[in-house]
Amino acid sequence: MAPQLPTHAQIVIIGGGIIGCSLAYHLTKLGRKDVLLLERKKLTSGTTWHAAGLVRAMLYTANLTKLAKYTVDLYKTLERETGQATGYKQNGSLSIATNEERWDELRRGASMARAFGVPAEQVTAKRVQELWPLMNTADLIGAIHFPEDGSTNPADTTMAFAKGARSGGARIVEDCKVTGVRTKNGRALGVQTEAGDVSAEIVVNCAGLWGREVGKMAGVDVPLHACEHFYIVTESMNVPSTLPVMRDMDACAYYKEDAGKLLVGAFEPKAKPWAVDGIPEDFCFTELPEDFDHFEPVLQGAIHRVPRLADTGIRKFFNGPESFTTDQRYLLGPSLELENFYVAAGFNSVGIQSAGGVGMALAHWIAEGHPPFDLWDVDSRRSMPHQNNKSFLIDRVSEALGLLYAMHWPYRQFETARGVRKTPLYERLKAHNACFGEVAGWERANWFAPKGVEPKYQYSFKRQNWFEYCGDECRATRTAVGLFDQSTFAKFIVRGPDAESVLQRICANDVGGAPGRAVYTQWLNERGGIEADLTVTRLADDAYMVVTAAATARRDLLWLKKHIPSEARAAVEDVTSAYAVLGVMGPNSRALLQKLTSADLSNAAFPFGTSREIEIAYARLRASRISYMGELGWELYVPAEFAVGVFDRILEEGSAHGLKLCGMHAMDSLRIEKAYRHWGHDIGEEDTPLEAGLGFVVAFDKKVPFIGRDALLNQKSQPRLTKRLVQFALEDPEPLLYHNEPIYRDGKLVGYTSSAAYGHALGRAVALGYVNAPEGVDQSYLDAGKFELEVACRRFPARASLRPLYDPRSERMRI
Ligand SMILES: Cc1cc2nc3c(=O)[nH]c(=O)nc-3n(C[C@H](O)[C@H](O)[C@H](O)COP(=O)(O)OP(=O)(O)OC[C@H]3O[C@@H](n4cnc5c(N)ncnc54)[C@H](O)[C@@H]3O)c2cc1C
């Protein structure tokens, strides 16, 4: 019999796995009772029912850890609260290291965990043996013990969420497949189902493996794909129920006690994408066929680690699908394409441990219109259309699964699905021995190898093989001139009689004035948080060019479109592919470019912060005198078909001026040395320009009040700022910083680093990071304390400064 459905619900959730049920539970906690959850078969019948149930309190970043920690705390009380058993137990977990590099990684992770408030302690092989008597510890270097980790029964925990949601007023309907999403004028209006239509104000896609399919119903990209995911369960080994979970990542395996037996799960390096031609209609509590050959290498490693497995039978060989994304992070939040349509899918094998926090965060996001804290790491608006391409997905997810347990090397690049987007200079850079990395599908030259050296990463937590090449690039930019391909910048043209008034409202800085001004600005939300960080150049009275980072292109474009009132006479166009961008940066840049143009490049004629069309070689292009590297220089916006010609001429002339081709790693090092902020790392929607030290680019007094002005004025009127972005430089030139290193002042934890690199001009590792102190953070507070940064469980003294340690008065760009 077809289920009875209401004709309307305020919020419709599609999917009754642990994520959908947790969301329903949390929405009712916020007083949203008119919630309807629709499940095509039975609750948990997708992926949730067969998960191993590992729950850990730490994930890759501070905010994901916040969500995981919330989950751990919730699972402790959920059973008591709902009266539904969850099987949750807090046995702790061990991550073991059998080589120095892994040990370095684990200790860096332990430092990070502590910075985020998750207890983590280094333990010896002897202690590991006590905690995990079955283990062969002969080859162990050490381990990290996380006492707060645990495990839960995924199906029972989902039922507890469902029970809590129902008693909070939500309706849960099984055996009711959503067959369509109704939309009008770019808004979700409700769903179509096998049992009739339901109108809704909000629709949420929690459809797990089916998330991409459900996204398609709404015209929304949800780039995820299923892979087969394996574990075995042994015959009884009388394993004590108190045994901690154990991860042996070098052997791609995890271990968990399971009713006296051992569950051994795999994160093999090359995964098997599943259901390439579509998920079978009758999928419900379905198990996939065994593949013993595929699992065998992991089993061999397991027998080495737990020798008793050699003579213990396997009771169950389990293979089930889980969805993976193109960057191993889940997709959460509002969709880019459709108003009132949200996503929570693609959980990359951490759905059980994330479910509590995800449900809480998404419920707040829906109820309040913004996330409870910065969730850009997992924000679904980071997706790019090419990522939803089937071939791209299949290639990439086969790598994504294994990367969860692979070494998390700094600067690690994906090996699959490469070469998707190339700048007009790609072949030229390749011929010059560039080593490429990928961002948003773009191939970007990260560094250049000298002639005769293969441009290939050799990863390490210590100095990698490109360290000195990058150093040469930085030195060339600081002392002569560097040439950077910055073509992957996103570029939007805003045109129309109302272009100025529209942008004045969105931009915190003043973008008025005569054509030819290039203005650095932020876009803020009503709370004063930074939504975007970009450059706005006035091209004409009625035209502007907005330039932003490749990674945030879609998000920033959406923000812009959303804030153009329907009655405004202004339109926006994405012209990213139409222009290459060449950054010519360094003290010799003027002399070099002056040789190639008849335009006057003197400081008087072409001052800092201005932009105009000039001729170089055979091209007419736009030159903007701005720099992300902190040196005299110009960004050249070259029509794509002219780019190679201009590049060749600059290179030809450049040899007389000490020009060097430079990559993105050099750019990053130079900008951190100059303390330039990077959106997504150092600044985000939770940080205001005042906290971020960007108050100098906020035009409080301009005629058009900008979005976020009131919140900023309010913050400005407070006696002190209790959170400030600070630059650090280690006293010791040896250790390297990457980000997420804890910051201590006089032995007390006050924050963690948000981005870091080795600064070749300063001759040491440099970082940015927020310092939090109720008494207020200013330079005298910094000077009065002794700062240390923690690297792999060791603390190193550091200088702390609110002004850039390199060229504090920004004189070098203005010569
Ligand atoms: C072998 C294995 C081990 C794992 N171990 C762990 C672990 O130890 N720890 C951990 O955190 N995670 C683990 N995971 C991952 C975890 O199981 C998932 O991340 C999690 O279950 C995802 O939950 P979900 O609600 O997003 O998806 P699902 O549980 O798949 O729920 C989605 C639901 O949506 C329904 N649906 C789809 N389309 C429609 C439609 N059109 N209309 C209505 N309903 C629809 C489906 O029927 C399904 O029930 C493991 C996964 C596997 C495969």
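1. Let's start with a pair of strands. In this predicted model, strand E22 (residues 490-495) runs alongside strand E25 (residues 543-548), and the two pair in the antiparallel sense over 6 bridges. For a spot to look at on screen, find Phe492: Val546 in E25 stands opposite this residue. As background, strands of a sheet pair through backbone hydrogen bonds, either parallel or antiparallel.

2. Now step back to the sheet that holds this pair. Which order do its strands follow? The order is E23-E24-E25-E22-E26, making an open sheet of 5 strands with antiparallel pairing. Strand E23 (518-524) and strand E26 (571-574) stand at the edges; each has a single partner strand, so one side of each is left without a neighbour in the sheet. On average, neighbouring strands here are turned by 30 degrees against each other, direction ignored.

3. A helix also belongs in this picture. Helix H12 (residues 499-506) packs on the sheet, where it touches E22, E23, strand E24 (530-540) and E25. If you compare directions, H12 makes about 35 degrees with E25.

4. Is Ala188 buried or exposed? Its relative accessibility is 3%, and because residues under 20% count as buried, Ala188 is a buried one.

5. What does Ala188 touch? Leaving aside residues up to four places away in sequence, its contacts are Arg182, Thr183, Ala200, Glu201, Val203, Leu338, Glu339, Asn340 and Phe341. Take Glu201 from that list: Ala188 and Glu201 are 13 residues apart in sequence, and their C-alpha atoms are 7.3 Å apart in space.

6. Finally, zoom out to the protein as a whole. How many helices and strands are there? The protein has 18 helices and 37 strands. Its radius of gyration is 27 Å, close to the 28 Å that the globule rule gives for 815 residues, so the protein is as compact as a globular protein of that length. The C-alpha trace spans about 80 × 65 × 55 Å along the principal axes.

7. Two more values describe the inside and the contacts. Of the 815 residues, 63% are buried. Among contacts with a separation of 6 or more, 71% are between residues 24 or more positions apart.

Note on methods:
Residues are numbered from 1 along each chain as its sequence is written. This is a predicted model: local features need pLDDT of at least 70, side-chain atom pairs count only at pLDDT 80 or more; totals for chains, interfaces and linings use all residues. Side-chain values use heavy atoms; hydrogens and water are left out. Two strands pair if DSSP finds at least two bridges between them. Helices (H or I, at least four residues) and strands (E, at least two) are DSSP runs, numbered from the N terminus. Axes are lines fitted to C-alpha atoms, for helices over the stretch in contact, and angles run from 0 to 180 degrees between N-to-C directions. Contact means heavy atoms within 4.5 Å. The radius of gyration is taken over C-alpha atoms; the globule rule is 2.2 Å times the number of residues to the power 0.38. Buried means under 20% relative accessible area, exposed over 50%, partly exposed in between (1.4 Å probe, protein chains only).
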